[in-house]
Amino acid sequence: MATQDDSRQLQACLPGLRRYARALAGALHADDLVQDTVERAWRKLNQRGGEMRPWLFSIMHNLHVDQLRRPGLALQELDDDALLPAPERTPGQSIAIGEMDAALARLPLGQREVILLVALEQMPYEQVAATLDIPVGTVMSRLSRGRERLRELLDGRPVGSHGAPTLRVVK
């Protein structure tokens with residue numbers, strides 16, 4: 001049975017869930033992912049063990065992975081953001097945000113998830129590990145590799161260069 005404290009904790013997590021869902025699944029699917037996460041969490045609230053926040057992010061992670069595995073309908077994205085006033089940004093900021101979004105999208109899913117949870121949601125490594133059901137060492141490894149790859153992508157270096165010449169196999 002849900003208590004008022006459970007409801008308050010869940011509501012306090014909504015902004016973070018929305019940010020993570022938008023970064024993970026894109027604007028088109030973010031609201032659905034958040035709604036599915038909250039619905040599943042509310043149904044299974046009596047089965048929760050531990051803190052609410054990592055538990056919710058874990059549910060979202062699992063739902064997202066399930067959605068990636070199942071084929072979906074081809075949908076056309078509507079421009080919902082056009083209804084809201086755009087935050088004031090300089091042209092350079094808009095370009096930088098767009099470049100970061102594009103670079104994040106090029107990362108492998110595991111690295112992207114860890115970077116988003118650590119950098120965007122400011123989760124400690126232990127909570128990220130619990131959320132994604134992976135060891136803390138894997139979190140640190142994916143974070144390190146993901147940050148390096150982001151640097152390479154944003155600097156325009158060939159991915160995998162790490163300052164050394166890239167090996168090419170010639171057949």
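Is Phe-57 buried or exposed? Phe-57 is buried, its relative accessible area being 0%. The legends below refer to a predicted model.

**Figure 1. Overall view of the predicted model, an arrangement of helices.** Seven helices and zero strands make up the secondary structure of the protein. The pattern along the sequence is α-α-α-α-α-α-α. Of the 171 residues in the protein, 32% are buried. The accessible surface comes to about 11500 Å², and carbon and sulfur atoms hold 53% of that area. Among contacts with a separation of 6 or more, 64% are between residues 24 or more positions apart.

**Figure 2. Close-up of the aromatic pair Tyr-20 and Phe-57.** One aromatic pair is found in a search of the whole structure. The ring centres of Tyr-20 and Phe-57 lie 5.5 Å apart and the planes meet at 50 degrees, so the pair is classed as tilted.

**Figure 3. Close-up of the salt bridge between Glu-39 and Arg-43.** The structure has six salt bridges by count, and one of them joins Glu-39 to Arg-43. The closest N and O atoms of Glu-39 and Arg-43 are 3.3 Å apart. Both residues are in helix H2 (residues 27-43), at a spacing of four residues, or about one turn of the helix. Glu-39 is partly exposed, with 42% relative accessible area, whereas Arg-43 is exposed at 51%.

**Figure 4. Close-up of the salt bridge between Arg-53 and Glu-121.** The side chains of Arg-53 and Glu-121 meet at an N to O distance of 3.5 Å. This pair links distant parts of the chain, 68 residues apart: Arg-53 is in helix H3, and Glu-121 is in the loop between helix H5 (109-120) and helix H6 (125-132). Arg-53 is partly exposed, with a relative accessible area of 26%. Glu-121, at 5% relative accessibility, is buried.

**Figure 5. Close-up of the salt bridge between Glu-148 and Arg-151.** The N to O distance between the side chains of Glu-148 and Arg-151 is 2.9 Å. Glu-148 and Arg-151 are three residues apart in helix H7 (residues 136-155), so about one helical turn separates them. Arg-151 counts as partly exposed at 44% relative accessibility. Elsewhere, salt bridges that share partners connect Arg-19, Arg-53 and Glu-121 into one network.

**Figure 6. Close-up of residues 161-169, where pLDDT stays under 50.** For the protein, the mean pLDDT is 81, and 75% of the residues reach 70 or more. Over residues 161-169 the model has four contacts beyond four places in sequence. Where pLDDT is low, the predicted coordinates should not be read in detail.

Definitions and conventions:
Residues numbered from 1 in each chain as written. Predicted model: local features only at pLDDT ≥ 70, side-chain atom pairs only at ≥ 80, totals over all residues. Heavy atoms only, no water. Helix = DSSP H or I, 4+ residues; strand = E, 2+ residues; numbered from the N terminus. Buried < 20%, exposed > 50% of the residue type's maximum accessible area, 1.4 Å probe, protein only. Contact = heavy atoms within 4.5 Å. Areas by Shrake-Rupley, 256 points an atom, 1.4 Å probe, with all protein chains shown as cover. Phe/Tyr/Trp six-rings, centres within 6.5 Å; stacked < 30°, edge-to-face > 60°. Salt bridge = Lys/Arg side-chain N within 4 Å of Asp/Glu carboxyl O. pLDDT = per-residue confidence, 0-100.
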